[in-house]
Amino acid sequence: MQRILSFEQTPSLSVPLRFFMTAPLFATLAAILLFWHGPDALVSRWSPSTLALTHLLTLGFLSMTMAGALIQILQVVIGIDLPWPRTTAAVVHGLLTLGCLLLVAGFLLFIPVLFKLALASLMGAFLWLLVASGAGLWRIAQPSPIVVAIRLALAALAVTAALGAAAASAFAWSVALPLIEITNLHAAWGLLAWVGLLIIGVAFQVVPMFQVTPVYPKLVTRWLAWSIFLLLAIWSAAFMLPAGISAWLAPLSSGLLGMAFLAFGVVTLHLLKQRKRPQPDATTLFWRTGLVSLLLCTLAWLAGLWLPQLADAPWYPLMLGMLFIVGFAYSVVNGMLYKIVPFLVWYHLQQPLSEQGRKAPNVRQIITDHVAKQQCYAHLLALALLVAAPLWPQLLAYPAAIAFGVSSCWLGINLLRAVRIYQLSLVASKPAPGHNPATA
């Protein structure tokens, strides 16, 4: 079921836009880092350059865009009156940006004080976001499926942040902790629940609305988010149970988690096949790319459960990460930005231009589908190289970095053009000095 949008509660354009405009810069930094370190960044998931690269993508791109989208969605889609939206956006954006840069520098330079500063910045950003978002979100008496999914995603963000803080503490203060186990849990809760559940919840609204498809089946909207959250909780708890129980409970819950994501991918692809507009636009291509990547990632994940020798290969977790982070999450977010940003620019131009008797540019003119598709093809090339690079790092690390850098810069340029259209339209709407509309 889709909610009626509450446009009267739309925050200032600068609130979500600061997040959306910053995200491609972090993706470009990730490409530069991959090019600088080359094959060394694709040898092991535990290398400093790999950890830095991962957090540039997950914190710098994904969490950045998701925080901006969340502030917008809570007010417009769910109808929550978010307290101090401009202050919240400025604080969360500033702390998240600073914290991500400090954390990446900490991984690369291995200076304990950088981890301490990063920990303070990131915990401040996520705590502020959680408090501001939860202020009205948990008071909804009859939550819709998107509200449930967002609630669970925010709960997962709290778990992810706590686990990340524990892992960072080991670097900041040399605390003796089971770092590998904590890192595995941190990655699982961050990717599958915080990122995965938020994308799933938003998909319940935006896929039928923007892609003009039938709505999701009630069985999916009612149970999918809860199933993923509970299965992930069971999988996490399995590691603390006796070995005899953990030996069968961990792979069982992991396999069921994979089936849940497989179901989401298959159902969404089926809905996209039924879209009323036969010609796919750029966002449709990004969604299809993301969903196919999710299916491939899930099938590889399930294969690893049954073939331990596959799961033990050093390239296996890196390829899974590329498929989920860049293939699924990045692709979907990239595609949605081409719907969200032009729409916001168009909406915020309506009133100032109508007062001058002018019309705002058409949404499709702000970022044309042709331009967006060109960047989509660049992204497809980068994705193919990034997924294959863990297998042949010496051969593909540098081409993958260049292709991903081009795609990320292209996305940033396209978004910047939309902002430029907004600024130029506002300037054109202002009357000339000394002009009196009453005598014109």
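Helices (H or I, at least four residues) and strands (E, at least two) are DSSP runs, numbered from the N terminus. This is a predicted model, in which local features need pLDDT of at least 70 and side-chain atom pairs count only at pLDDT 80 or more, while totals for chains, interfaces and linings use all residues. Residues are numbered from 1 along each chain as its sequence is written, and side-chain values use heavy atoms, leaving out hydrogens and water.

**Overall shape**

- The chain has 14 helices and zero strands.
- Its radius of gyration is 22 Å, close to the 22 Å that the globule rule gives for 440 residues, so the chain is as compact as a globular protein of that length. The radius is taken over C-alpha atoms, and the rule is 2.2 Å times the number of residues to the power 0.38.
- Along its principal axes, the C-alpha trace spans about 85 × 45 × 40 Å.
- Buried residues make up 57% of the 440 residues. Here buried means under 20% relative accessible area, exposed over 50%, and partly exposed in between (1.4 Å probe, protein chains only).

**Loops with a positive phi**

- Most residues other than glycine have a negative phi.
- Val212 has a positive phi near 55 degrees and sits in the loop between α6 and α7 (218-238). Val212 is buried, at 18% relative accessible area.
- Ser174 also has a positive phi, near 55 degrees, and its place is in the loop between α5 (145-172) and α6 (179-210). Ser174 is exposed, with a relative accessible area of 63%.

- With 25 residues, α3 reaches 35 Å from its first C-alpha to its last, close to the 36 Å expected at 1.5 Å a residue. That expected span is 1.5 Å times one less than the number of residues.
- Phe110 follows α3 and has a positive phi, near 55 degrees.
- Leu108, Leu109, Ile111, Val113 and Leu117 form a nonpolar patch on the surface, with about 420 Å² of accessible area together. Two or more residues of the nonpolar patch come from each of α3 (85-109) and α4 (112-137).
- Patches are made of residues with over 30% relative accessible area and no salt bridge, joining like charges within 9 Å and nonpolar side chains (Val, Leu, Ile, Met, Phe, Trp, Tyr) within 5 Å. Accessible areas come from the Shrake-Rupley method with a 1.4 Å probe, and for residues only the protein chains shown count as cover.
- Leu117 lies in helix α4 and is partly exposed, at 44% relative accessible area.

**Salt bridges**

- The count comes to two salt bridges, each being a side-chain nitrogen of Lys or Arg within 4 Å of a carboxyl oxygen of Asp or Glu.
- Asp281 and Lys339 meet in a salt bridge (2.9 Å, N to O). Asp281 lies in the loop between α8 (243-273) and α9 (282-306) and Lys339 in helix α11 (residues 315-354), so the pair ties together parts that are 58 residues apart in sequence. Asp281 and Lys339 are both buried.
- Asp369 and Lys373 meet in a salt bridge too (3.6 Å, N to O). Both lie in helix α13 (residues 369-388), four residues apart, about one turn of the helix.

**Cysteines**

- The structure holds zero disulfides, a disulfide being a pair of cysteine sulfur atoms within 2.5 Å.
- The sulfur of Cys376 is 17 Å from the closest cysteine sulfur, in Cys409, too far for a bond. Cys376 is buried, with a relative accessible area of 0%.
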